[in-house]
Amino acid sequence: MGSGQVTDWQGKNVTVAGLGVSGIPAAKVLHGLGAHVTVVNDGDDARARAQATELEDLGITVRLGDGATLPDGTELIVTAPGWKPDKPLFAAAEQAGVPVWGDVELAWRLRGPDAAPWLAVTGTNGKTTTVQMLASILKAAGLRTAAVGNIGVSLLDAVLGEEQYDVLAVELSSYQLHWAPSLRAHSAAVLNLAPDHLDWHGSMEAYAADKGRIYEGNRVACVYNVADKATEDLVREADVEEGCRAIGFTLGTPAPSQLGVVEGILVDRAFVEDRQKNAQELAEVSDVNPPAPHNIANALAAAALARAFGVPPKAVRDGLRAFTPDAHRIAHVADVDGVAYVDDSKATNTHAAQASLAAYDSIVWIAGGLAKGAVFEELVAESAERLRAVVLMGADRGLIREALARHAPEVPVVDLDRTDTGAMLAAVQEAKGLARPGDTVLLAPACASMDMFANYNQRGDAFAEAVRELGAGA
């Protein structure tokens with residue numbers, strides 16, 4: 001079970017850790033290949049029991065309520081990406097010399113000899129948008145592709161399904177990269193690095209190292225963010241194939257081997273003849289939707305990966321024009337009494353919220369939720385001058401309130417001491433009272449949503465519903 005392809009799964013004893021969105025497909029695929037599969041899961045609730053029954057009907061063994069013990073005879077563990085590296089199961093595996101793969105590693109190992117190359121994207125924020133932009137550009141070039149990985153089609157389906165692809169646009173989280181030791185992309189990008197998931201990785205250094213794995217073995221291009229030195233450091237440390245190039249993207253004028261912006265035009269000085277003197281026009285800033293600074297950076301990263309794959313300039317422009325962003329990503333909900341209401345519920349960490357706040361001049365900010373170990377000092381200090389007022393809600397709102405008291409003491413703060421689902425309507429009503437014509441009421445919580453909502457989608461929907469109620473009463 002070392003490196004290289006595993007061609008014969010017949011009779012192999014494989015333990016799958018976790019019954020989640022990656023665990024169930026992995027268990028079914030491995031069972032179908034002839035492996036003896038045991039699924040272990042920490043939880044033992046009604047949902048887990050229903051999932052277990054489905055797998056047991058296929059002949060797969062399931063152990064609920066015991067994710068810590070290594071089943072006898074295990075030769076390989078395939079883990080859900082969210083399982084922390086310090087779990088007892090993995091300590092037992094290490095002691096027994098049993099390798100641990102994630103679902104991405106499994107998909108990589110199961111690829112056929114003529115499999116489509118991977119263009120891979122990671123980063124604290126912007127991954128999904130960049131991968132979707134990339135897929136849109138590749139499609140505009142006439143290539144058969146899909147956005148896969150953390151989004152869209154599951155990687156296992158993409159690798160094992162009947163559909164033939166020319167190239168895959170792959171979103172990878174730091175968790176997935178941690179468990180994917182042999183992954184080697186055609187080209188890859190790290191969009192940015194900011195503290196996130198430190199409760200999982202244990203330290204910023206460990207988090208950065210896992211992100212940096214995406215560059216290992218790249219063949220053509222390691223794409224990095226000129227404005228984020230940490231991403232360039234990861235490129236310098238990466239062990240890549242001979243001839244692989246470091247390609248930067250910047251919101252400023254690009255140097256040779258970079259993509260950037262000149263007078264409202266996205267330009268390429270990396271994949272052109274004589275890049276010392278020449279630049280290739282790719283698209284206009286107005287072709288990017290929405291044209292907020294961080295989103296232009298996403299577009300440049302997507303363009304860099306597409307150009308590394310040989311896509312012509314026209315396809316970059318056409319692909320960006322055809323792209324529409326997901327719901328709850330800086331989505332304009334409505335204008336009420338001259339005030340814009342914007343839903344960026346997807347801003348579940350401070351870095352994403354900072355990008356969102358940077359897109360507007362005068363903001364009534366709705367924030368709070370589960371902090372996941374984050375600190376808010378830098379976010380508040382950077383954004384203070386843009387804040388008209390702040391409405392806080394959610395379990396960890398006190399952390400943001402303290403940062404506001406230190407770095408923006410003159411900004412009015414409404415602290416909603418509630419975590420019920422009705423709090424969103426109250427928050428929007430408070431924001432309406434604080435906003436002036438020309439302001440933006442921005443839901444960019446800088447926190448996860450699970451203290452009050454099922455997910456960030458439900459939180460964004462609650463915001464949009466509350467805004468509609470305002471409009472109806474206006």
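I take two strands as paired if DSSP finds at least two bridges between them. Helices (H or I, at least four residues) and strands (E, at least two) are DSSP runs, numbered from the N terminus.

**Entry 1: basis.** I am working with a predicted model, in which local features need pLDDT of at least 70 and side-chain atom pairs count only at pLDDT 80 or more, while totals for chains, interfaces and linings use all residues. Residues are numbered from 1 along each chain as its sequence is written, and side-chain values use heavy atoms, with hydrogens and water left out.

**Entry 2: the sheet of 9 strands.** I looked up β7 and found that 3 bridges join β7 to β8 (residues 168–171), the two strands running parallel. Glycine 149 has glutamate 171 of β8 opposite. Both strands belong to an open sheet of 9 strands with mixed pairing, in the order β7-β8-β6-β9-β10-β11-β12-β13-β14. I noted β7 (147–149) and β14 (280–284) as the edge strands, each pairing on one side only. From one strand to the next the twist averages 25°.

**Entry 3: a helix on the sheet.** Helix α5 (residues 127–140) packs on this sheet and touches β6 (118–122), β7 and β8; contact means heavy atoms within 4.5 Å. The direction of α5 makes about 180° with that of β8. Axes are lines fitted to C-alpha atoms, for helices over the stretch in contact, and angles run from 0 to 180 degrees between N-to-C directions.

**Entry 4: α5 and α11.** I next followed α5 to helix α11 (residues 293–308): the two pack at an angle of about 45°, with their axes 8 Å apart. They are therefore oblique to each other (angles under 35 degrees count as roughly parallel, over 145 as roughly antiparallel, 65 to 115 as roughly perpendicular and the rest as oblique). From α5, the contact includes Thr129, Met133 and Ile137; from α11, Asn295, Ala299 and Leu305 are among the residues involved. By class, I record 9 nonpolar, 4 polar and no charged residues there (Ala, Val, Leu, Ile, Met, Phe, Trp, Tyr, Cys and Pro count as nonpolar, Asp, Glu, Lys and Arg as charged, and the others, Gly among them, as polar).

**Entry 5: α1 and α2.** Helix α1 (residues 23–32) packs with α2 at an angle of about 5°, the axes lying 11 Å apart. These helices are therefore roughly parallel to each other. Ile24, Lys28 and His31 of α1 meet Gln51, Glu54, Leu55 and Leu58 of α2. I record 3 nonpolar, 2 polar and 2 charged residues in this contact.

**Entry 6: β2 and β3.** I found β2 (residues 36–41) paired with β3 (residues 61–64) in the parallel sense over 4 bridges. Valine 39 stands opposite valine 62 in β3.
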